[in-house]
Amino acid sequence: MTFTKTSQKFGQWADSRANTVFGLGFPSEQQLSKFAEKFQEVKEAAKLARDRSQEKIETSSNHSQESGRETPSSTRASSVNGTDDEKASHGGSAEAQLKSENDKLKIALAQSSSNVKKWETELQTLRESNARLTTALQESAASIEHWKKQFSACKEENDQLRSKIEELEEQCNEINKEKERNAQLSRRLQELETELQDKELELEELRKQGEIIPQLMSECESVSQQLQDAENKNKDLEEKVRTLRTEVEESKHRQTNLKTELKNFLDVLDGKIDELHDFRQGLSKLGVDN
């Protein structure tokens, strides 16, 4: 098997016997490089282990063959040149050597089979680990897509909320401006009401002063008629004031027209007060003359 880097953080290898391709993802390119190096080391170690096992098997088989070939010649030589005891001793040493070689071969085969089982177990473990990692990678990829969609939805909702907040801030600014205008109109209305109360007090004082001198009313019918006309006009003016006050309470947006009407009213009222003042002076003069 050969490990191949398919990208900066992902690598894969193929098992041709199992017809399977394995892949692993890593958080960084450095970890991927370390894994590739370890993979190559394990591969080389496995290759060396197989080579050594093969060499041991071949060496053992060669030794057994050489021992088998050497045994008949030695027996033949001993049978020709030696005694029966020598023959027995040479035959026993050959059998002992063959037995020891066979034991060594058995041990080497057992070690090689155990190594093979060990590597097969590790390979199976790696396959299972790779399957789990592949499943985890797929789940993480699906989770990433899900979170990407959630992030996009949250981003769109955040943009909508920001635009809504901006609209609400603009509306709040408009409301604050409207409150300031209403407060200014309320203060102006209070000032006008105070001025109207002052004028009403002045008119009340004028009425009291007119009631103090009823005897002059009979002598000054024309003046009385003028006073009556003035009172009627004052009543009309009071009615206008009430009308203006009602209009101010109903609609604060007519402030400009109200100012103009109030100004005209104040001019007329001042004129009437001047007339009443002149009329009073005239009455005083008439009292002095009488």
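**Close-up views of a cavity and an aromatic cluster**

**View 1. The lining of the largest cavity holds six nonpolar, one polar and three charged residues.** Here Ala, Val, Leu, Ile, Met, Phe, Trp, Tyr, Cys and Pro count as nonpolar, Asp, Glu, Lys and Arg as charged, and the others, Gly among them, as polar. This is a predicted model, in which local features need pLDDT of at least 70 and side-chain atom pairs pLDDT 80 or more, while totals for chains, interfaces and linings use all residues. Residues are numbered from 1 along each chain as its sequence is written, and side-chain values use heavy atoms, leaving out hydrogens and water.

**View 2. Leu196, Lys199, Glu200, Leu203, Asn234, Leu237, Glu238, Val241, Phe265 and Leu269 line the largest cavity.** Helix H2 (84-212), helix H4 (221-250) and helix H5 (255-289) each give two or more residues to this lining. Helices (H or I, at least four residues) and strands (E, at least two) are DSSP runs, numbered from the N terminus. A cavity is a set of points on a 1 Å grid over the protein atoms alone where a 1.4 Å probe fits but cannot get out, and lining residues have an atom within 4 Å of a point.

**View 3. Ring pairs join Phe3, Trp13, Phe22, Phe26, Phe35 and Phe39 into a cluster.** Rings of Phe, Tyr and Trp (its six-membered ring) pair if their centres lie within 6.5 Å; planes under 30 degrees apart are stacked, over 60 edge-to-face and the rest tilted. The whole structure has eight aromatic pairs. One of them, phenylalanine 3 with tryptophan 13, is tilted, at 5.9 Å centre to centre and 40° between the planes.

Key. On a 1 Å grid over the protein atoms alone, a cavity is a set of points where a 1.4 Å probe fits but cannot get out, and a pocket is an open set with protein on both sides within 12 Å along at least five of seven lines; lining residues have an atom within 4 Å of a point.
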